[in-house]
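Dear colleague,

I am passing on the structure we spoke about, together with some notes on what turned up in it. Please read them with the model open beside you.

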Amino acid sequence: MDTRRQAILASTAVLLLAAAGCGSNSAPGADGDSAARVVIDRDARGNIAENGGARRLTDDQSRAIADSIQRSGAKNVILIIGDGASDQEYTLARNYQWGAAGKIPGIDELPLNGAYTTYSLDKDTGKPNYTTDSAAAGTAFATGTKTYNGGISVDLEGRPQRAIIEIAKANGLATGNVTTAALQDATPAVQVAHVVDRKCDGPAETAKRCPANALENGGSGSITEQLLAARPDVTLGGGGKVFGETATAGEYRDKTLEVQAKERGYRVVRTAEELRAVEKADQQAPLLGLFADGTMPRLWSKTAGTRDGGTSPAVRCTPNPDFTTQTPRLGDMTRKAIDLLSGRGRDGKGFFLQVESASIDKAAHEADPCGQIGETVQLSDATSVALDYAKKHKDTLVIVTGDHAHSTQIIESGSDTPGLTRTLMTADGVPMTVNYATSLESDGQQHSGVQVRIAAYGPGAANVVGVTDQTDTFFVIVDQLGLDRDKK
């Protein structure tokens, strides 16, 4: 950690610990009793129409803050990404599922919050592109380097930029990569691959779109081929269809990528039941979960906005029948990944885990508020799992953020406005109208370029407070883990 960061962290700790009445010898241990003392409730408990009834902070939060500022250096880091999630997406989900005075479990319980800027770069000029995509955003927090929309962990010249999983693995940490998207999608891909176009998921597309990256041309291969070579201990998500493609060059030429995975020693599972049965994953037998051909099913069924949806009767969201008992929930995948990365047989060096709830973004592109909310519920579940672990293991830093914001807007109920709208009946028993107005096409909604919330708990969490940039997240994680960025 550089001197300036240390000074900021130390001064913040002194001020807040003094306010909390905590001395430097009062650090809690990694035990259940100290975890129970941490109070981070954020829901209102009273009648919101009465004085004080809507207040969220009813307990002193000094203990939770002290846990996050009184020590520096983490053994484990869990980075959780809500793709397309910022304040408007959180507010939509909170209002609908838990009520305006309720809290989003896990997410609203994180004690330290800030915001980060998310702009990407124009590939030709190097100047800011104010609205990022997931590839450039993921590259920023995974590598610390700004890039152009569509670039996967490369700079403006297409040169590979080392990502946290690669660096953590080189330093001896266990690593994991969990998503509800295809494993070749931008956010999981930035941790394990380097290609000039995010669409280069398999050998066929790589030959067309990224010829310099193709194995047959001396490159490192497609996203999937690079994923297999990167070899995280745990990799869970969708994208199984691409594993049916055949390698066109290299040691595994003319073999499918799934055959390659098995020959490389991966244990491949395809159902929630198979995942539950896994008891160990490491470099001898890394775990590869493929739970869908592409993106995993959303938790809730689609309820898309329409031109007259704001004035239509309010509806409630419904379960998605395609999300079966054999589809693992994101919270369950997160719990299993943590168990495996921290479990028996490990050498105690710690772990880095990235977790993504991907379809908040994908539903927002389709003006589908129910799809968005259901995937925010999944994000909440994953955060709660990570936070529960971190409260018991005080050497664990949890960071929760989004890669970019979306076009979701909550407007006056029953409004007839331009764009696409849908009115939902919330947990409060009150109609809520959601508007999407960046396109008149149901599948054409766009990202927005606003700064995005970032929140954290654990050692080093104070570094997310205030306004930072997306690239800062990389340096916070690497510094807190004490990683040598040049180690191969």
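Predicted model: local features only at pLDDT ≥ 70, side-chain atom pairs only at ≥ 80, totals over all residues.

Residues are numbered from 1 along each chain as its sequence is written, and side-chain values use heavy atoms, with hydrogens and water left out.

The chain as a whole

The secondary structure comes to 15 helices and 15 strands, where helices (H or I, at least four residues) and strands (E, at least two) are DSSP runs numbered from the N terminus. Of the 488 residues in the chain, 58% are buried; buried means under 20% relative accessible area, exposed over 50%, and partly exposed in between, with a 1.4 Å probe and protein chains only. Among the contacts in the chain with a separation of 6 or more, 73% are between residues 24 or more positions apart, a contact being heavy atoms within 4.5 Å.

The annotated residues

UniProt, in an unreviewed entry, lists Ser134 under "active site", and its "binding site" annotation, also from an unreviewed entry, covers Asp83, Asp361, His365, Asp403, His404 and His447. These positions are given in the numbering used here, the feature names are shortened, and the annotations may be inferred rather than shown by experiment.

Ser134 lies in helix H5, which spans residues 134-143, and it counts as buried because its relative accessibility is 3%. Leaving aside neighbours within four places in sequence, Ser134 is in contact with Asp83, Ala186, Thr187, Arg198, Asp403, His404 and His447. The side chains of Ser134 and Asp83 are joined by a polar contact of 3.1 Å; such a contact is a pair of N or O atoms within 3.5 Å, where, within protein, one must be able to donate a hydrogen and the other to accept it, and residues adjacent in sequence count only if both atoms are side-chain atoms.

Asp361 belongs to helix H13 (residues 359-365) and is buried, since its relative accessibility is 6%. Not counting residues up to four places away in sequence, Asp361 touches Asp83, Gly84, His404, His406 and His447.

His447 sits in the loop between strand S13 (431-436) and strand S14 (452-457), and at 16% relative accessibility His447 also counts as buried. Beyond residues up to four places away in sequence, His447 touches Thr131, Thr132, Asp133, Ser134, Asp361, His365, His404, Ala405 and His406, and its side chain reaches the backbone oxygen of Thr132 at 2.9 Å.

The structure holds three cavities of 30 Å³ or more. On a 1 Å grid over the protein atoms alone, a cavity is a set of points where a 1.4 Å probe fits but cannot get out, and lining residues have an atom within 4 Å of a point; grid points are joined across faces, edges and corners, and a volume is the space filled by probe spheres set on the points.

About 40 Å³ of space lies in the largest cavity, and its lining consists of Ile399, Ile454, Asn463, Val464, Thr468, Asp472, Thr473 and Val476. Four of the lining residues are nonpolar, three are polar and one is charged. Helix H15 (residues 470-481) gives the most to this lining, with three residues. H15 is mostly covered, with 10 of its 12 residues buried, Thr473 and Val476 among them. H15 is followed by Gly482, whose phi is positive, near 65 degrees.

Two loop residues

Ala44 is placed in the loop between helix H2 (32-37) and helix H3 (62-69) and is buried, with a relative accessible area of 14%. The C-alpha atoms of Ala44 and Ala54 are separated by 5.2 Å, although these residues are 10 apart along the chain.

Asn213 is found in the loop between helix H8 (203-209) and helix H9 (223-230), and with a relative accessible area of 13% Asn213 is buried. A polar atom of the Asn213 side chain lies 3.1 Å from the backbone nitrogen of Val196.

With best wishes

Definitions and conventions. 1 Å grid on protein atoms, 1.4 Å probe; cavity = no way out; pocket = protein on both sides within 12 Å on 5 of 7 lines; lining within 4 Å. Nonpolar A, V, L, I, M, F, W, Y, C, P; charged D, E, K, R; others polar.
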